[in-house]
Each structure stands twice: as C-alpha cells, then as structure tokens.
Amino acid sequence: MRRSAVCGGHPWCVRVGQLGRARSSDAISFHVLQHQVFAEGYSSTTSPENEIAWRAGQGVARNQFWETDRAFHAAGVYHQLLRFRRTELDRDDLTETERAGFQSAYGEGLPTVRYLMRELELLRDHFSPHGLELLTGLRHQTDQL
C-alpha cells in the first residue's frame with residue numbers, strides 16, 4: 001500500500017481517504033499481527049484497562065474501559081484521521097461548511113489522541129521494544145499536531 005505525506009511514514013500507515021478509518025484500522029491490525037508490538041505474554045484478557053474519559057461521561061458502563069491493545073489501536077487510527085483533517089484544513093478550496101466540519105472534527109479529535117497517548121505511556125511495560133518505538137514515534141507525531 002502506498003504511504004502518503006499525510007501519514008508521516010508510520011509502518012502501518014496507509015492513505016486515509018474514502019475508507020479512512022477502515023483502511024487505517026486494517027493496516028494497524030495487520031502490523032500488530034505481523035510484528036511483536038506488545039510484551040512477551042501480553043494478553044487482552046489480562047491487560048490493564050484504560051478508562052476512556054469521553055465514554056465515562058456518557059453514563060453507560062459499556063465500552064468505558066479499553067484494553068491496552070485496543071487503546072493503542074484507537075490512538076493510531078485517531079492520529080491518522082487527525083493528520084488527514086489537518087491536511088484538508090490547509091486547503092484553500094473548502095467551503096465554509098466543509099472547513100467548519102473539518103475544524104470541529106480536528107478540535108474534538110486532538111484531545112482524544114493526546115489522552116490516549118498519556119494513558120498508553122503509563123503502560124510502557126506492556127509493549128515490546130518495537131512497540132515502544134511505535135509508541136515513541138506516535139508521540140512525536142502527535143506533539144506536532
């Protein structure tokens with residue numbers, strides 16, 4: 001698959017377009033399956049769970065806590081979507097409605113990615129050396145958003 005400037009060259013990154021979330025989600029899942037991203041013996045069933053702040057405020061217990069691998073996966077997908085939205089916002093041919101939509105989505109997504117990154121960095125022991133490299137790279141790129 002072709003990487004683009006939007007992706008910043010992440011090993012799992014694909015061009016986010018019409019199928020944005022699905023394509024980037026598949027690429028991350030494939031990378032996790034092919035490479036040891038999590039520490040030896042890591043298991044979703046015994047993983048610490050991260051409270052998802054925006055879910056907690058919804059008053060529903062379902063999906064309020066995510067396993068480390070799910071939070072990592074989500075951070076990667078959300079990050080790629082933010083980079084895509086940022087690229088779109090740099091265009092000068094957007095209508096006011098399009099610009100407002102991208103700005104709103106970017107404004108809501110940025111705190112989400114930063115929150116997930118902070119939570120994941122507290123769980124560094126659950127990542128392999130390769131996973132830590134990915135986490136560090138994702139942090140570096142997130143800081144540039």
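This is a predicted model: local features need pLDDT of at least 70, side-chain atom pairs count only at pLDDT 80 or more; totals for chains, interfaces and linings use all residues.
Val113, Arg114, Met117, Arg118, Leu120 and Glu121 of helix H4 meet Leu135, Leu138, Arg139 and Thr142 of helix H5, where contact means heavy atoms within 4.5 Å. H4 covers residues 96–121, and H5 covers residues 129–143. Helices here are DSSP runs of H or I with at least four residues, strands are runs of E with at least two, and both are numbered from the N terminus.

Residues are numbered from 1 along each chain as its sequence is written, and side-chain values use heavy atoms, with hydrogens and water left out.

Let me turn to the geometry of the helices. Two packed helices are described by the angle between their axes and the distance between the axes. The axes of H4 and H5 come within 11 Å and cross at roughly 150 degrees; the axes are lines fitted to C-alpha atoms over the stretch in contact, with angles from 0 to 180 degrees between N-to-C directions. H4 is therefore roughly antiparallel to H5, a term for angles over 145 degrees. The crossing of H4 past H5 is left-handed, meaning that the near helix is turned anticlockwise from the far one by less than a right angle.

Helix H3, residues 68–89, packs with H4 at about 150 degrees, and their axes are 8 Å apart. H3 and H4 are thus roughly antiparallel to each other, and H3 likewise passes H4 in a left-handed crossing.

Leaving aside neighbours within four places in sequence, threonine 142 touches His79, Val113, Arg114 and Met117. A polar atom of the threonine 142 side chain also lies 2.7 Å from the backbone oxygen of leucine 138.

Finally, the chain as a whole. Five helices and two strands make up its secondary structure, in the order α-β-α-β-α-α-α from the N terminus. Of the 145 residues in the chain, 41% are buried. Among contacts between residues at least 6 apart in sequence, 60% join residues at least 24 apart.

Conventions
Buried means under 20% relative accessible area, exposed over 50%, partly exposed in between (1.4 Å probe, protein chains only). A polar contact is a pair of N or O atoms within 3.5 Å; within protein, one must be able to donate a hydrogen and the other to accept it, and residues adjacent in sequence count only if both atoms are side-chain atoms. Angles under 35 degrees count as roughly parallel, over 145 as roughly antiparallel, 65 to 115 as roughly perpendicular and the rest as oblique.
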